[in-house]
There are 2 protein chains.
Amino acid sequence: MSPIAPSSGMNRRVLLSTLALLATLFGPLLPVSAPAQTATAGGLLPSWNDGPAKHAIFDFVRATIDQSSPIYVSPEDRIAVFDQDGTLWVEHPMYTQVIYCLERVPAVVAKRPELKNIEPFKTVLSGNREAMAKLSMRDLEKILAATLTGMSVDEFNAEAKRWMETARHARWNRPYTELVYQPMLEVLRYLRNNAYKTYIVTGGGQDFVRVYAEKVYGIPPEQVVGTAGGTKYGYGKDGKPFLTKEPKLILNDNNAGKPEGIHLMIGRRPYVAFGNSTGDRQMLEWTGAGAGARLKMLVLHDDATREYAYGPAQGLPDTKVGTFTPALYDEAKSKGWTVISMKNDWRRIFALE
Amino acid sequence: MSPIAPSSGMNRRVLLSTLALLATLFGPLLPVSAPAQTATAGGLLPSWNDGPAKHAIFDFVRATIDQSSPIYVSPEDRIAVFDQDGTLWVEHPMYTQVIYCLERVPAVVAKRPELKNIEPFKTVLSGNREAMAKLSMRDLEKILAATLTGMSVDEFNAEAKRWMETARHARWNRPYTELVYQPMLEVLRYLRNNAYKTYIVTGGGQDFVRVYAEKVYGIPPEQVVGTAGGTKYGYGKDGKPFLTKEPKLILNDNNAGKPEGIHLMIGRRPYVAFGNSTGDRQMLEWTGAGAGARLKMLVLHDDATREYAYGPAQGLPDTKVGTFTPALYDEAKSKGWTVISMKNDWRRIFALE
């Protein structure tokens with residue numbers, strides 16, 4: 001689901017329930033004891049335990065880079081796509097970009113004081129979480145539009161970069177960019193070392209993710225595909241051109257929007273796709289429908305101790321973000337997609353444990 | 001200007017005058033004597049004569065790859081963008097993609113016979129050039145929509161590929177893909193050899209250009225930015241997913257749409273931009289407005305013998321496609337953009353001379 005395109009793909013209940021989690025977010029920090037892990041040196045994918053998931057990755061890569069293999073893939077066709085939220089980094093208690101938008105409201109109101117007493121900005125400024133949880137979809141759209149559009153691309157980049165450097169996840173008290181999954185960083189590197197071009201294909205805002213993707217994932221801006229709004233070319237008083245971010249949706253990169261976005265931005269069918277929710281279903285289907293072998297993987301959040309547990313394995317209600325529904329689980333099983341158990345397949349979750 | 005988005009950027013007079021040239025296109029083939037050129041072996045950019053244009057390219061590349069240079073550019077930032085029509089290949093007597101659309105009409109009507117007696121298809125089928133020259137913009141839009149949308153992405157790719165292999169340019173009786181400018185192929189290679197990532201940024205259809213760009217220019221699909229329509233994800237009777245090309249414009253990659261498209265698809269400001277018409281103006285401005293040195297080049301068509309002469313140097317009317325207007329010429333001079341004279345700067349025009 002998309003932080004910047006709530007009307008087109010977002011389940012209202014989901015978003016409101018995430019807003020209800022604001023109490024957790026802004027509440028007192030709970031110390032979390034991460035289990036001590038000895039980083040084993042040497043070997044590929046060192047943060048992965050031996051098991052079917054690790055073997056699926058190894059077997060696929062080895063076979064597709066071996067020219068004598070029947071499923072050899074020529075280097076220029078080696079495209080690998082990764083969902084971000086819940087696949088490469090933590091998506092609970094809510095999408096990082098939604099937190100960004102809510103936290104940007106005071107700064108936006110400071111620049112546009114006429115918003116101060118207007119809803120929904122008034123409610124967000126009040127900090128009254130009960131009232132915030134009652135915000136309508138239309139209210140949320142206004143918040144996203146006000147915080148993600150109307151400024152130049154350069155201004156947005158500078159603001160988002162500054163925020164990413166200072167904001168902290170409430171549970172771990174660490175920058176969000178440190179809450180990326182170490183096993184997935186290893187997969188990205190392993191694929192790139194074998195000439196795979198790695199892409200992020202996210203429901204999150206393309207411009208937002210591009211701000212940190214190169215530094216955090218080693219993925220350059222041109223390999224980030226995300227929900228994208230239009231921009232408008234214009235000239236400043238000094239005659240210098242600039243691009244303004246417009247509240248006009250060009251690509252809603254969720255669900256069916258993911259293969260559509262892949263076609264628009266990449267123009268080739270991927271050989272590798274990693275996701276974790278219903279928003280990634282069509283991307284995995286599209287990848288899997290290509291000729292020859294394709295690697296399709298789904299991350300299952302089943303580790304309440306080290307991260308979070310939600311989805312079919314836990315029988316949790318689907319009111320949380322990043323829904324890995326029972327239907328998706330069934331499709332994965334029937335189509336031979338490999339489910340990654342965070343609890344069993346990952347030796348460690350974060351780089352800094 | 002865009003073959004698939006005539007209403008948003010296309011000068012009606014321009015298109016109609018190109019239609020009037022159909023007589024030339026489908027007329028008897030005129031033998032053209034290409035001046036004999038001795039290919040000089042050795043050296044970079046061998047098809048370039050010594051002169052300010054060749055030196056501008058050399059000086060820029062040498063300085064930006066030299067770590068001790070004040071204008072050094074780190075490899076990940078080395079983005080170079082190229083217009084296609086009139087910059088990388090011949091755009092006269094009309095855009096290749098417009099010819100494709102007109103020539104596709106009989107096949108489309110064969111599949112949809114109800115169009116046979118409906119305008120504008122009836123007129124195109126008649127072959128009456130006088131009548132075709134009178135087609136309205138709305139008529140032309142219908143032709144483009146009927147020939148570029150409504151089929152699956154795979155079907156379109158197969159059709160366009162087949163056409164490119166068999167279609168011939170009326171003047172040279174050669175495939176269009178052989179009418180690419182040899183000096184520009186050398187620039188593309190020279191830049192790539194120095195870690196520049198080369199992109200096409202064209203008003204032409206993104207899907208159309210992607211069909212041959214890798215083979216012809218060494219530019220992969222993901223590095224082709226063009227005018228793009230939406231696609232729609234769906235399932236066949238066999239349950240297999242496919243993408244259908246929709247008559248919905250996502251990106252009109254002309255004029256201001258070029259920097260907007262560069263932001264959408266690349267997310268970085270280029271260091272190098274080559275164009276040849278007013279449709280490239282904003283792309284060159286946007287490139288030039290970045291910090292540090294940037295290379296901005298405009299191809300001037302001033303060689304009536306070996307190719308075509310049109311634009312300010314010839315004082316020709318601006319009724320032809322690819323208008324290099326006097327105003328653009330002035331802007332180039334005032335902003336230090338380098339104008340490439342095809343007549344003087346290019347030792348040869350095509351690879352096969």
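Trainee: Which strands does α12(A) lie across?

Mentor: α12(A) lies across β1 (79-82), β2, β3 and β4 of chain A. Its angle to β2(A) is about 130 degrees. Keep in mind that this is a predicted model.

Trainee: What makes β5 and β6 of chain A a pair?

Mentor: Two strands pair if there are at least two bridges between them. Strand β5 (residues 272-275) and strand β6 (residues 295-300) have 4 bridges, so they pair, in the parallel sense. Val272(A) stands opposite Leu295(A) in β6(A).

Trainee: Why are β4 and β7 of chain A said to stand at the edges?

Mentor: The open sheet has 7 strands in the order β4-β3-β2-β1-β5-β6-β7, with mixed pairing. β4 and β7 (338-341) each have a single partner strand, so one side of each is left without a neighbour in the sheet. From one strand to the next, the twist averages 35 degrees.

Trainee: Why is the link between Glu222(A) and Arg268(B) called a salt bridge?

Mentor: The cut-off is 4 Å, from a side-chain nitrogen of Lys or Arg to a carboxyl oxygen of Asp or Glu. Here the N to O distance is 2.9 Å, so the pair qualifies. The rule finds 6 salt bridges across the interface of chain A and chain B.

Trainee: How much area do chain A and chain B bury between them?

Mentor: About 3200 Å², with 54% of it on carbon and sulfur atoms. In chain A, Glu222(A), Tyr233(A) and His263(A) lose the most area to chain B. Together they make up 20% of what that side buries.

Methods
Residues are numbered from 1 along each chain as its sequence is written. Chains are lettered from A and ligands numbered from 1 in the order in which they are written. This is a predicted model: local features need pLDDT of at least 70, side-chain atom pairs count only at pLDDT 80 or more; totals for chains, interfaces and linings use all residues. Side-chain values use heavy atoms; hydrogens and water are left out. Buried area is the accessible area (1.4 Å probe) that two parts lose on being put together, summed over both. Helices (H or I, at least four residues) and strands (E, at least two) are DSSP runs, numbered from the N terminus. Axes are lines fitted to C-alpha atoms, for helices over the stretch in contact, and angles run from 0 to 180 degrees between N-to-C directions. Contact means heavy atoms within 4.5 Å.
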